[in-house]
Amino acid sequence: MDQFLKKNLSIISFIFIPILFLWHPNWLGIMGIQPYWPLFWLLPWSMIYGSINGLIVGFCLGIILDSISIGGGFTQIPGLMLCGIWFGRFSKSDNVFLLHFRYGLICAIGSFLCGSFYFFQFLIQDFPYNKFFLFFPSVKNVLAQVFLTGLLAPFLCSQLFGLFKRSK
Amino acid sequence: MINIRRIYNGRWRHKKKKAIFLIFLLFLVFVRFSKGSFYKDFYYYISKPFWPGQFQREVISTSLDQELLIKSKQLENDNKRLRELLSLHRLSDSQTISAAVISRKNGSWWRQIILNKGSKHGVEVGSPVIGPGGLLGRVKNTSFLTSSVILLTSPESKVGVWIDRVQKHGLMVGTANDYPKLIFYTKDVDIKVGDFVSSSPASTLLPPNIPVGIIKSVDANSNANKTVNVLLLGKPQAIDWVQILKMKI
């Protein structure tokens, strides 16, 4: 059983991402906005397994997260797929400090990408109805999410990276 | 024998008497010029336990509550009868399903709550959800045991509402923050801050006259239409139990 858990740790932890997404712990947020949880898992996983696997897992994550959140015609898939490919191109640095800083920076940029993709979908879909008033709240959402994701990434990604590496 | 000569300096008690008299005099002057405010404030504190209001207020407020309850019941009956005459939608007799909030996303773009009642309990897609204060949103989809509610603050949400004071309809759309926008497709609407917003009597999606919010501010820079910000009465971030209304369509 222990062996099974150790070997499939990455898959088991994958199952818990939507749970975390739904749990939405308010005490971890700023102005009700949460970090973008899937990136904490996607970054270490893609770094270990590469871009193609990152793309596929990004797609799967997007499908699951879209189905549990009410998004109408909007999707998180493109952002997560792009992040999956991009994250797969990074390799582990030997410098611990640099590695932690990189986790934070990469996740923050990834969160910005995903947030911007989502925002543009709103703008494009509702363009004729002039959703100008969506602009400022959305920018606030994106920035808060980027900040929180970048802040938590060094702690969570380094832990997950170690776990995935051992279970490979 | 040494003669001790006492040097008379005036008696100390005579001096004290003069000092007390002087202080009293100053006090009188103070009272006179302050128009007795010191006395009035002092009286305020010592009489506070004996004020008549504490008990009397409770009695009056209970009576008022009862009066309002009876009036509201009468109006509800009238409303039901008139809506039946006009063949408009109304709530079904079994009316509501109580449900607990098991997941809450009230920030970012995904503004939704998930309830612990689903299709098994008779929840239907499109049913309005209300909490303490007023309308929270509508059921967007259901699973066997849960239902997802799209909140009024979500950018996906669009509901028809009504300002009772000016008797005008408007479209309330979520803007991914806590204050949805209410759009009137004309500029000639006399909307004031503090106006009460309720669900539209002509709506086919919601029961009529459910409290929604109050006008928080009016946008100055709108062109052909008038837009205002609405402060919602139902607070999804603080509500643990809600009511799902069953619509008879």
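Visitor: Are helix 2 and helix 3 of chain A roughly parallel or roughly antiparallel to each other?
Guide: Helices (H or I, at least four residues) and strands (E, at least two) are DSSP runs, numbered from the N terminus. The axes of helix 2 (residues 9–23) and helix 3 (residues 37–49) of chain A come within 9 Å and cross at roughly 160 degrees; axes are lines fitted to C-alpha atoms, for helices over the stretch in contact, and angles run from 0 to 180 degrees between N-to-C directions. Angles under 35 degrees count as roughly parallel, over 145 as roughly antiparallel, 65 to 115 as roughly perpendicular and the rest as oblique. Helix 2 of chain A and helix 3 of chain A are therefore roughly antiparallel.

Visitor: What pLDDT do local features need in this model?
Guide: Residue numbers start from 1 along each chain as its sequence is written, while chains are lettered from A and ligands numbered from 1 in the order in which they are written. This is a predicted model: totals for chains, interfaces and linings use all residues, side-chain atom pairs count only at pLDDT 80 or more, and local features need pLDDT of at least 70.

Visitor: What is the handedness of the crossing of helix 2 and helix 3 of chain A?
Guide: A crossing is left-handed if the near helix is turned anticlockwise from the far one by less than a right angle, and right-handed if clockwise. Here the crossing of helix 2 and helix 3 of chain A is left-handed.

Visitor: Which residues of helix 3 of chain A make the contact with helix 2 of chain A?
Guide: Two residues are in contact if their C-beta atoms, placed from the backbone, lie within 7 Å. By class, this contact has eight nonpolar, two polar and no charged residues; Ala, Val, Leu, Ile, Met, Phe, Trp, Tyr, Cys and Pro count as nonpolar, Asp, Glu, Lys and Arg as charged, and the others, Gly among them, as polar. Helix 2 of chain A brings A:Ser10, A:Ser13, A:Phe14, A:Ile17, A:Leu20 and A:Phe21, and helix 3 of chain A brings A:Trp37, A:Pro38, A:Trp41 and A:Trp45.

Visitor: What is the handedness of the crossing of helix 4 and helix 5 of chain A?
Guide: The axes of helix 4 (residues 51–68) and helix 5 (residues 77–87) of chain A come within 7 Å and cross at roughly 155 degrees. That makes helix 4 of chain A roughly antiparallel to helix 5 of chain A. By class, their contact has 11 nonpolar, five polar and one charged residues. The crossing is right-handed.

Visitor: What share of the residues of chain A count as buried?
Guide: Chain A has seven helices and zero strands. A residue is buried if 20 or more other C-beta atoms lie within 10 Å of its own, exposed if 12 or fewer, and partly exposed in between, with C-beta atoms placed from the backbone. Among contacts in chain A with a separation of 6 or more, 76% join residues 24 or more positions apart. Of the 168 residues of chain A, the buried share is 38%.

Visitor: How far apart are the C-alpha centres of domain 1 and domain 2 of chain B?
Guide: Chain B has three helices and 12 strands, and 29% of its 249 residues are buried. Its domain assignment, automatic or from a database, gives domain 1 (12–49) and domain 2 (95–249). The C-alpha centres of domain 1 and domain 2 of chain B are separated by 61 Å.

Visitor: Which strand of chain B gives the most to the side that touches chain A?
Guide: In total, 21 residues of chain B are in contact with 20 residues of chain A. Strand 1 (90–105), strand 2 (112–115) and strand 5 (147–151) of chain B each supply at least two residues of that side of chain B. By class, the side has six nonpolar, 10 polar and five charged residues. The most, three residues, comes from strand 1 of chain B.

Visitor: Is B:Ile114 buried or exposed?
Guide: B:Ile114 sits in strand 2 of chain B. Leaving out residues up to four places away in sequence, B:Ile114 touches A:Leu22, B:Ile102, B:Ser103, B:Thr146 and B:Ser148. B:Ile114 has 21 C-beta neighbours inside 10 Å, so it counts as buried.

Visitor: Is B:Gln167 buried or exposed?
Guide: B:Gln167 lies in the loop between strand 6 (158–163) and strand 7 (168–173) of chain B. B:Gln167 is not a glycine, yet has a positive phi of about 55 degrees. Most residues other than glycine have a negative phi. With 8 other C-beta atoms within 10 Å, B:Gln167 is exposed.

Visitor: What is the phi of B:Asn209?
Guide: B:Asn209 is in the loop between strand 9 (196–199) and strand 10 (211–218) of chain B. B:Asn209 has 15 C-beta neighbours inside 10 Å, so it counts as partly exposed. The phi of B:Asn209, a residue other than glycine, is positive, near 60 degrees.
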